[in-house]
Amino acid sequence: MPRFRKLILLLVLLACIIVSRTGMICAQEAQYFRHGFDSQQKSWGVIFKKYKTKIHSHRINQQIFHQGTSSESFELTAKEKETPIVLSHKLPHARTLDELIVSLWFRSNRPGMKISLRVNFPHQRNPKTGKHLAIFVSGDQYTEFGNWQQLKCSPTRKLINEQITLAMSRLKLKEVNRKNAYVDLVMLKSLVDTGTVEYFMDTLKFGPIVSPTMDSQILQASNEIKEEEEKNVIRIQNRLGRLILDGNPYFPRIIPYQGESPRVIRNSGCNVVLIPQYNDATLMQKLQRYQLEIMAIPPRLAIKDGEASKKVGLMPFTDETAPILFWYLGTRIPPKDRKILVDWSHQIRNADYRFRRPLVADVVADQRIFSRRIDMQGTSKHILNTNISLRQYRDDLLINRRRSTHGSFTWTWIQTEPSPANSTLLERTRRTPVVIEPEQIHLQVYAALAAGCRGIGYWSVTPLDSNAPGALERRLMIAQTNMELELLQPFLATGRVTGNIPFYVKTKKTEVNQRNVDLILQQQGRKERDRLLRMHAAELKESQALGSELQATVIRFDGGTLVLPVWYQDDAQFVPGRMVANDATILVKGIESTAAAWEITTTRIRSLNTERKAGGKRVILEKFDRTAIILFTSDRGIKNKLEARMKQMAARSARTYVDLAKEKLKRVRKVDQQLQDLSVGKKFAKGMLNDSADLLEQAEVEFKKGAYHRAHELALNALQIQRTLQYTYWSDAVRSLGSPMASPYTTSFQTLPEHWRLISKLGKSELSEQKNLIHSGTFEDIDTMIIEGWEHSQNNIEGIHAAAELFTHARKGKYCLRLVAKHKNEESYKRGVFGTPVKVVTPPVMVRHGEIIHARGWIKVVTPITGSVEGLIIHDNQGGPVTSLRWRKRSDWIPFTLIREAHFTGKYRLTIALKGVGEVLIDDLQLVSIQPNISAAGHEVPTVKEPSNSIYNRSLDLLNRIPRPRLPGRKPQPQQQPQLPSQN
């Protein structure tokens, strides 16, 4: 019994000890840390960049406080936008618990400050730093600026798990040792704009505190944070659509890397290179040796079921990626990929918190939505060798820029090569490749500047040092254009386009009246009379077109005004014409009375006489060639700086233009010789080409003398002669066609020999008893259309209502085909149209390789087509949309024609698609397949060679013999309007 009592007493004593220890733990768990900032000792630390921030005061403030007698305050000034400010305060080490919480009363004259806690894992090493792993858990954000607001943060298990998942992804850790995790620091983080900022902190509370058991050295938080902040290097900034690089205005000139030497890229004048691999350190080092900036494609997100995973984060970008200036997210991004792009951009920004590099992307629609996520938004389109004019191209860029949010940075890709579809088709058929004329590259750049673009990229898929036809001309023109952009960089990077104004040139006039026409007929004959009448008609047409083709862009900047006159020739996207005139007169309003005018080139800066007119100034350029640069400024220092830069590039610019004119002369001679061999050459071509060569010889002499501007002028004159001859050849080829797109080989000068070979085949063709292969092309019987296999599809485009139907207002018969699309609301009107609201595809017809296909019909644009530069398009399944005929303007019934050479044996179809909003009627659609005469050996039947221009004359006769639609007549008014069968 006594032994039993002793055992009971022992158990009671043990229980008392346990209770006592538990009480001690509970007492420890109940501990709280509180700081009222009522003493004179300051306890907050601040982390900032000295060159971006100036600290005016850090003190105990006894005038402004929330509780007690004082608070701790900072007063500082941020010198740049989005300047990072970090305030930190040490805390007692406390084990992470869901109940643990920190609270702080905070006041400021700016919103945005966010509170966070640092959680340390003493048993987990960070492989990047070699120190203990630490994460940050965020809490409340300050919003009630001007008033006191209590900010709270708690390191809950859920928040810690989220940050650990991101850390594991960034650092490629399989697991994290969470033993003895603790909190030791509270931080306040914010990005502030320029100006004076005040911060007040009062009544800091933290608890309940449970001291962790430490088996290793505690992480020194403040030193690590300071070291990390000091490593942050932000070189490039986007200030309301203006790029500032290392403190200077910056106009990016981008080129995709295609394996060429960095020296070649540098000599081309491009300053940014797009590389495919962001971690290609060797390539980046090579490019940096030539002072080239880098744009790279960042690592992509993990994709699951078409969506980016939100649980996966990118690793933080290290110093190895420091040479990269921009992140490029893609080209021609459609609206359907918007969600993926937004998630990806969010991940990139989180991983790039140290460098905060701009995100760059090229999109096709929804510019307003994309511009909220993308720092540098591009909108590009290939318009060369199509019937989209340079003026339409500029207007489309301008509309897309206005659809972006205010202050967005806009840029575009410039087409420097044939579109992929054109190249593929010609390579597959072993035809002469299309060559982009160097003047077309130059005109595109100036159209982009006129639309307000503050950066450009030269789109290419072949190296700059390629040996392909026209490649050297491309490289030389890019180099010359970049010299002009480099000269104007401060104005283009910071200026604002305020409008495009018309200007006028002195035109040549041929005196034509009945008397001198009759006199020429008597003395020189009908040919000379006809030539005079053609010249007069061409001059009248040119004079009428000049009103819309001649426009000058006005760019205002601090210190003056930049004016860029441009000649937007209507068909320069096919073959640029001479585009030279005398006495270009420009009236610019809003110019200061003290401002002087200067004509700027890369080889000379000269003063212009000005005349005060109606609130502005008028200047006259004695000679105008495609584009010009005029500067109005009262600051002579601006002109002097320009002159200093110009002198550095004058010799290089003159050499570039002389070499360009020489290289183009070689190519034009080759094409001229092919046309001469086909008996469609011009007798005066040899003389013109010799004149061009003589001018270039004189240019070489002047260059050796050091007369760089004179050499530059002579080279320009040589190029003018070459363009005149090119345009003459092209005009003759398209004269008998309704559109340059009617033949696949009249969209460029280089392919004109292929066009005349096609016409030659047409001249050897049998036309007897050719029938329309599309029996229901009259649109009179809906049942026949269904049986033959017409297809009709309507896309569900948000805010657009579209339909295809048989309509009563036919040109011939009872019915015609009607395509119509309308906006449902004003929001869809602002957004524009992406995609094809409605299209109709003809029944398939069988064709054989080598057959000539002739399609024709009538079209009427009832209401102008808006919302897209494409308009209504008609194309076949052989060439695709790039070979489309296009219409946008309102018109009465007009005929159209397509001539194609079948490059395959199989089904041939036409597509009629409405790419914008409007109403169009189509009627009397015919498709005829013509087989050239073939000998038993499989060769074309030889024909007797006729005198000069025989092929040209025979082709005209042939086209006249092909049955053409009759002129429009009165239209019956039937009652019903049958709907086409939908293929949705």
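Glu 754 and Arg 757 form a salt bridge (a side-chain nitrogen of Lys or Arg within 4 Å of a carboxyl oxygen of Asp or Glu), with 3.4 Å between the closest N and O atoms. Both residues belong to helix α18 (residues 752–763), where a spacing of 3 residues places them about one turn of the helix apart. Helices (H or I, at least four residues) and strands (E, at least two) are DSSP runs numbered from the N terminus.

The two partners fall into separate accessibility classes, defined as buried under 20% relative accessible area, exposed over 50% and partly exposed in between (1.4 Å probe, protein chains only). Glu 754 is buried at 7% relative accessibility, whereas Arg 757 is partly exposed at 33%.

The model is predicted, so local features need pLDDT of at least 70 and side-chain atom pairs count only at pLDDT 80 or more, while totals for chains, interfaces and linings use all residues. Residues are numbered from 1 along each chain as its sequence is written, and side-chain values use heavy atoms, with hydrogens and water left out.

## Other salt bridges

In total, 38 salt bridges are present in the structure. One of them joins Arg 391 to Asp 395, with the closest N and O atoms 3.6 Å apart. These residues lie 4 residues apart in helix α8 (residues 390–403), and are therefore separated by about one helical turn. Arg 391 is partly exposed at 22% relative accessibility, and Asp 395 is partly exposed at 27%.

Arg 618 and Glu 611 also meet through their side chains in a salt bridge, at 2.5 Å from N to O. Arg 618 has a relative accessibility of 27% and counts as partly exposed; Glu 611, at 35%, is likewise partly exposed. Elsewhere, a network of salt bridges links Glu 437, Glu 439, Glu 473, Asp 625, Arg 626, Lys 664, Arg 667 and Arg 723.

## Aromatic pairs

Across the whole structure, 17 aromatic pairs are found. Rings of Phe, Tyr and Trp (its six-membered ring) pair if their centres lie within 6.5 Å; planes under 30 degrees apart count as stacked, over 60 as edge-to-face and the rest as tilted. The pair of Phe 317 and Trp 327 is tilted because its planes stand at 35 degrees, with ring centres 4.6 Å apart. Phe 317 lies in the loop between β19 (307–308) and β20 (324–328) and Trp 327 in strand β20, so the contact ties together parts that are 10 residues apart in sequence. Both residues are buried.

Tyr 328 and Trp 413 form an edge-to-face pair, with 6.1 Å from centre to centre and 90 degrees between the planes. Since Tyr 328 is in strand β20 and Trp 413 in strand β23 (residues 409–415), this pair ties together parts that are 85 residues apart in sequence. Tyr 328 and Trp 413 are both buried.

## Charges over rings

A charge sits over a ring if NZ of Lys or CZ of Arg is within 6 Å of the ring centre and within 35 degrees of the ring normal. The charged end of Arg 394 is placed over the ring of Tyr 568, 5.0 Å from its centre. Arg 107 lies over the face of Phe 200, at 6.0 Å from the ring centre.

## Cysteines

The count of disulfides (pairs of cysteine sulfur atoms within 2.5 Å) is 0. Cys 453 is buried, with a relative accessible area of 6%, and Cys 816 is buried at 0% relative accessibility.
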